[in-house]
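Morning, everyone. Have a look at the model before I start.

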Amino acid sequence: MSEDCANDRNLRLPRFAWVGVDWSCAPVVAAACWRTPAGWRLADLPGDAWREARRDGRRCCAALPMEHIFAERLEPPARTRGRAARLAPGMLDLRLPVPVESCAVTFVPEADGRALMAYAMPREKLAAALEAHSAAGCPSERAVPAAHALWSRLVRTRPPAPDRLQLLLHAAPGAWTLMAGHGAALQSCLTLSSGDAAAVGRAARVFSQRRQTAQAGLLVCGAADEACLAALRAQPSLAEMEVAGADDAPRFLARALAEEGAHAFGCETGNLRVGAHIHPLAMAKRVRREWLAIATMLLTAVLLLAAHGLLWWRAAQTRRSLDARLTAQASLLAGRALPQRGAAAIELAHRELETRLHPQVEALGETTAMTLLPRLLRVAALRGLTFSSMAAEEQRLEVAGAAAGESDVAAWREAACEAGLVPAIACEAGRNGGVVFHGTLMVREALP
Amino acid sequence: MKTAPRQRLLRGSGLALLAAAIASLGLLRLAAVQRRACVSRQRLLQSLTPEMDRLTRYQAIAEALRQFPQVASGDPALPPGCAAPDRRELKRATETDGWRGVQAELSWQRLAAGQALSVLTSVSTSRPPWRVARLRLEALDDQPGQVRLDVTLETAEAVGP
């Protein structure tokens, strides 16, 4: 991710940028995140100028205080992620001190594996927090547990080694939140009294013993000054641990929220403003999406039916017209309307035709050797062939005659072939340098 | 529960799309059946083409014969200047299905060879049709350029109305 932490007072906030608002500090800290062709852009928003542009909370993301949120890591015994998501609410209900139905719940799946981080906030607490945001002048469209946003930013900006115990302390003025993870996976989340460095030390010892790992680090963000860091380093259990303050500690949460909003791409994962607490803008977006989906599905259904119906109708029309042609031709052949249809009608029409046609009349139209004779005689006249005898009977023509040369006989033979006769003509030398020929020509169709 | 009707509509649209997809598959199958039927009908129509040609040819001949009801008592058209042949009616068949077959023989004892070929061309293409059933042409040895020609012709005449 390309990050550019601009701090420009004249920065024009893009309409599609997400604004992260950290209400735990005074004055309120805000940051914006948006996507540009060059990559992600992150900018701090000084002053309150952004509030005017985002008075309705559009594309604003706020943190919900962790002291009111139950954070539980669940490992459902399921093979697939979908099945794990179905099992998770039941498992969470067993662990919560209050009924799960009375809470707003969000599940954040781990990047790899089937474990989920469940965040549950009692509805009245959520309503109060959202009311507070509205009263402050920015009813954020998205409200996420602070731990979720903070840990996501930690993983994005400082990816921990896979076998390292990573602690993240958000030192807010009201309460401290300590998050512990193994590698990139957030394992647990504790809320401590503000300034209680000893409690941090105790918790860190417990996490170290549980994880049995030598590599460990603590990153501190929020309102943590040098004195706070010194107090933490003074804890015996943190002595061997790398304790560092984030460079952007005071703005860490605001930036984390801005990034969370921008990277969610409209997905509800991590967002507790769902169900009855949904933001009116988000609701309007959802309603628009749903109407669009309804319209798209109905239109697609109509188009599908229309296109395929048209295909079927055209094919049926073609079949009907062919049927009509077939019936007409069969009736024409039979000489009367036939009760049968299709192949049966054709068969009947064939039989009827055989009885209808008078053989002697039909024979007048048959091709015989005599019907091909005029063409042969024309060629013979052109080539100067003379005939001494010619006898024809049905499909057979016997000829004998004389020609000037063998080429003339060959040309005549060729003409006979083209006319549809099969010639068997022999030539012999005749008188005066000419040739005499004799042979038979058969109609090609008459041959077996 | 303001969203409930819309949610129901969304679900209904999904179901409608699914139903449309299923119906489309059915229509595709039906269209394929229709197309196969079209191919079979076209094949049948093609199989009828020779029979239709045969019928057309027959009707043309029958029509030509009906236009000249006295064809059997006359001769086919002969080339101008041709000597009149000796005509002999060989056979007049009994009437069947409104037609009667007639066979006649035309003979020329002596005919110029060129004219004989013209006669052959003429009787082969004559209208109304005569069919040359048999032909015999022989050069006369003692008279060069002259031939003897015997032609047996057949035709049919329409009987009755």
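Two strands pair here if DSSP finds at least two bridges between them. Helices (H or I, at least four residues) and strands (E, at least two) are DSSP runs, numbered from the N terminus. With that in hand: strand β6 (residues 103-109) of chain A is joined to β7(A) by seven bridges, and the two run antiparallel.

Ground rules next. This is a predicted model, where local features need pLDDT of at least 70 and side-chain atom pairs count only at pLDDT 80 or more, while totals for chains, interfaces and linings use all residues. Residues are numbered from 1 along each chain as its sequence is written, chains are lettered from A and ligands numbered from 1 in the order written, and side-chain values use heavy atoms, leaving out hydrogens and water.

Back to the β6(A) pairing. A:C103 has A:P122 as its bridge partner in β7(A). The hairpin of these strands has six residues between them, and there A:G113 takes a positive phi near 95°.

Strand β5 (residues 70-74) of chain A also pairs with β7(A), antiparallel, through five bridges. There, A:R73 is bridged to A:M117.

Buried means under 20% relative accessible area (1.4 Å probe, protein chains only). In a regular strand the side chains alternate between the two faces of the sheet. In β7(A), A:L116, A:A118, A:A120 and A:P122 point one way. A:M117, A:Y119 and A:M121 point the other way, and all are buried.

Now the interface. Contact (heavy atoms within 4.5 Å) takes 56 residues from chain A and 60 from chain B. The two chains bury about 5,400 Å² between them, 71% of it on carbon and sulfur atoms. That area is the accessible area (1.4 Å probe) lost on putting the two parts together, summed over both.

The rule finds five salt bridges across the interface. A salt bridge is a side-chain nitrogen of Lys or Arg within 4 Å of a carboxyl oxygen of Asp or Glu. One of them joins A:D323 and B:R41, at 2.3 Å, N to O.

Which element gives the largest share of chain A's side? That is α8(A), with 27 residues.

Last, a pairing between chains. β14(A) and strand β3 (residues 131-139) of chain B pair in the antiparallel sense over five bridges. A:S389 stands opposite B:E138 in β3(B).

Conventions:
Buried < 20%, exposed > 50% of the residue type's maximum accessible area, 1.4 Å probe, protein only.
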